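Q: Can you walk me through this one? I have a few quick questions.

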Amino acid sequence: MKVRKITTIVEDVLTEGGRDVNPITRVAAVAAVIENPWAGQGFVDDLGPGIDATASDLGALLAPRVMEALGGQLEAYGKAAIVGLGGEIEHGSALIHTLKFGDHFRTAASASTLLPAVEKRADAGAIFDIPLKHFTDATIRSHHQTFEWRVSDAPHADEILVALAGATGGRPQERLAPLSADK
């Protein structure tokens with residue numbers, strides 16, 4: 001795995017709707033910009049060798065950095081991949097939709113749900129919304145949210161930007177009834 005850069009962003013939400021947020025909600029995201037392991041090979045039928053060579057190391061690189069940026073507490077999480085214009089969306093999906101990648105984050109967060117994801121192909125600086133859901137119960141509405149982010153110079157055409165994000169709580173000032181109230 002060839003990493004060009006790692007970028008971290010931390011956002012603390014102090015007020016929402018004109019009211020203080022208590023406790024303050026922190027959202028952190030960490031992205032690695034890596035060389036696309038399938039770049040320049042044309043259409044690759046078997047993505048397995050690239051997954052095996054990259055996905056686990058990538059998860060091991062990003063997961064502890066997100067937990068550190070959050071201060072060790074996590075209640076919601078998600079993942080994203082943006083493939084440069086020289087690659088396929090399937091290249092990003094291949095790296096993030098495998099337990100080899102995601103289990104690093106689940107283990108670090110003591111989580112049990114699948115990580116919600118977004119992936120797309122785009123030019124450098126593309127904006128993406130990382131979906132977040134509760135880390136042990138995906139039906140908890142208060143934690144369904146997105147975190148918008150961009151890395152200004154990534155991905156290049158032969159790169160993939162892979163990100164993990166986490167939050168210390170749900171949406172600030174959430175007021176929706178539980179899912180069970182709809183039944």
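Q: Where is Gln-145 placed?
A: Gln-145 sits in strand E6, residues 145-149. Strands (E, at least two residues) and helices (H or I, at least four) are DSSP runs numbered from the N terminus. Note that this is a predicted model: local features need pLDDT of at least 70, side-chain atom pairs count only at pLDDT 80 or more, and totals for chains, interfaces and linings use all residues. Residues are numbered from 1 along each chain as its sequence is written, and side-chain values use heavy atoms, with hydrogens and water left out.

Q: Is Gln-145 buried or exposed?
A: Gln-145 counts as buried because its relative accessibility is 14%. Buried means under 20% relative accessible area, exposed over 50%, and partly exposed in between (1.4 Å probe, protein chains only).

Q: What does Gln-145 touch?
A: Ala-76, Ile-130, Pro-131, Leu-132, Ala-167, Gly-169, Gly-170 and Arg-171, not counting residues up to four places away in sequence. Contact here means heavy atoms within 4.5 Å.

Q: Which backbone oxygen lies 3.2 Å from a polar atom of the Gln-145 side chain?
A: That of Gly-169.

Q: And the rest of E6, which residues are on its covered face?
A: Gln-145, Phe-147 and Trp-149 are on the covered face, while Thr-146 and Glu-148 make up the uncovered one. In a regular strand the side chains alternate between the two faces of the sheet.

Q: How does E6 pair with strand E5?
A: E5 (residues 128-134) and E6 pair in the antiparallel sense, over five bridges. Pairing takes at least two DSSP bridges between two strands. Trp-149 in E6 is the bridge partner of Phe-128.

Q: Switching to Leu-176. Where is its place?
A: Leu-176 is in the segment after strand E7 (159-167). Leu-176 counts as exposed because its relative accessibility is 53%.

Q: What is Leu-176 in contact with?
A: Arg-141 and Arg-171, leaving aside neighbours within four places in sequence.

Q: How far apart are Leu-176 and Met-67 in space?
A: 28 Å, C-alpha to C-alpha, with the two 109 residues apart in sequence.

Q: New topic. Why is helix H2 largely enclosed?
A: Six of the eight residues of H2 (residues 89-96) are buried, so the rest of the structure largely encloses this helix. The buried ones are His-91, Gly-92, Ser-93, Ala-94, Leu-95 and Ile-96.

Q: What covers those buried residues of H2?
A: The cover includes strand E2 (19-35), helix H1 (48-70), strand E3 (76-83), helix H3 (99-109), strand E4 (117-121) and E7.

Terms used. Polar contact = N/O pair within 3.5 Å; in protein donor to acceptor, adjacent residues only side chain to side chain.
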